[in-house]
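Q: I have a model open and would like to learn how to read its features. Where do I begin?

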Amino acid sequence: MDCDLMCVLWYILPLGLLIHLLCFIFADADFTLLRASLMGHRPESKLKGLVVWVTGASSGIGEELAFQLAKCGSRLILSARRNDELNRVKQHCLETSNLKDEDILVLPLDLLERTTHEEKTKAVIQHFGQIDILINNGGRSQRSLCLETSVDVYQALMELNFLGTVSLTKQVLPHMTQRGRGSIVTVSSVVGLAGAPLATGYSASKHALQGFFNSLRTELTDFPKILISTVCPGPVQSQIVDNAFTEELNKPVTTVGNQGHKMPTSRCVHLMLVGIANGVKEMWIAQQPFLVFYYLWQYAPSFAWTATDLLGQKRVQNFKAGLDADSAYFSKPKTS
């Protein structure tokens with residue numbers, strides 16, 4: 001009997017490892033999130049009727065969040081600085097869902113104007129009576145080398161990405177603790193877990209968010225029905241590169257390369273909603289080879305440093321040659 005059992009294990013264990021390896025090769029999210037997408041709750045059933053506040057809703061991930069949440073039947077607050085773009089997003093949501101005009105509130109918001117966040121939060125509660133989910137998506141990226149970057153850029157990144165997000169969260173959180181339930185979901189980044197060249201300030205702001213929300217989660221153990229979740233996407237098709245900070249505050253990005261190699265925004269957002277519906281506390285969302293970096297940094301940091309140094313060097317070389325930073329991994333540098 002023992003011999004038969006050993007024979008079975010001899011074949012089953014390698015087969016199981018092979019299956020996991022194949023799954024990982026084709027994976028675009030961590031195993032916890034992928035398992036939830038296969039066997040967990042459906043966003044359409046868990047998020048229907050909930051009041052969801054999305055910042056940065058005028059483009060990119062925020063815009064796609066609005067579209068997919070509308071199809072799930074969630075009632076929405078759409079916030080960003082550009083009122084006309086928010087109205088465009090709202091109109092598309094109404095045209096592609098069963099929501100009515102009163103189910104979507106357009107609420108212009110500037111994360112830098114922290115003195116207005118209390119008033120904005122009260123306006124949301126007055127309109128809907130509650131906030132079930134806050135998705136902190138607003139923010140800007142960076143494309144510049146540290147030696148060339150003004151300190152003013154670093155200050156702006158921390159004010160916007162970190163302090164702006166913390167400020168709005170602090171206004172919404174008391175409402176959720178009073179109700180005893182809710183979700184605060186914050187879009188971080190792969191560079192919130194590991195550093196990357198050309199994004200020293202952006203990475204620092206995302207590391208700060210990771211530290212803040214990981215610590216906040218431990219403070220809320222008396223509120224088990226309040227989910228604190230962070231989302232760490234890799235490269236995603238969006239307009240974040242177009243609006244990135246450079247070495248000076250008002251200097252625009254000169255080169256925005258082809259975004260085709262990045263993860264489709266719709267797939268990233270779908271996985272985010274799966275994670276929210278299933279209470280996933282941290283989501284790693286990226287196509288290969290980027291996903292492997294999450295695991296290397298988590299479980300084999302020495303190997304991660306070696307790989308990051310090699311790819312980082314290539315990224316900087318291509319950036320100096322005038323290529324888009326994100327596509328640098330897939331492009332050859334210019335030759336004279």
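A: Begin with one residue, and keep in mind that this is a predicted model. Glu-118 has a relative accessibility of 41%, so it counts as partly exposed, because exposed requires over 50% and buried under 20%.

Q: Which residue does the side chain of Glu-118 meet in a salt bridge?
A: The partner is Lys-122, at 3.4 Å from N to O. Both residues belong to helix α6 (residues 117-128) and are four residues apart, about one turn of the helix. Lys-122, at 53% relative accessibility, is exposed.

Q: How many salt bridges does the structure hold?
A: There are eight. One of them joins Asp-101 and Lys-90, 3.1 Å from N to O. Asp-101 sits in the loop between α5 (83-95) and β3 (104-106) and Lys-90 in helix α5, so this pair ties together parts that are 11 residues apart in sequence. Asp-101 is partly exposed at 49%, while Lys-90 is buried at 13%.

Q: How do I read the side chains of a strand?
A: In a regular strand, side chains alternate between the two faces of the sheet. In β6, Ile-226, Ile-228, Thr-230 and Cys-232 point one way, and Leu-227, Ser-229, Val-231 and Pro-233 the other way. Are these residues buried or exposed? All are buried.

Q: Which strands pair with β6 (residues 226-233)?
A: Strand β5 (residues 182-187) runs parallel to β6, joined by six bridges; Ser-183 has Leu-227 as its bridge partner. Strand β7 (residues 282-285) also pairs with β6 in the parallel sense, over four bridges, and there Pro-233 stands opposite Ile-285.

Methods
Residues numbered from 1 in each chain as written. Predicted model: local features only at pLDDT ≥ 70, side-chain atom pairs only at ≥ 80, totals over all residues. Heavy atoms only, no water. Buried < 20%, exposed > 50% of the residue type's maximum accessible area, 1.4 Å probe, protein only. Helix = DSSP H or I, 4+ residues; strand = E, 2+ residues; numbered from the N terminus. Pairing = 2+ DSSP bridges. Salt bridge = Lys/Arg side-chain N within 4 Å of Asp/Glu carboxyl O.
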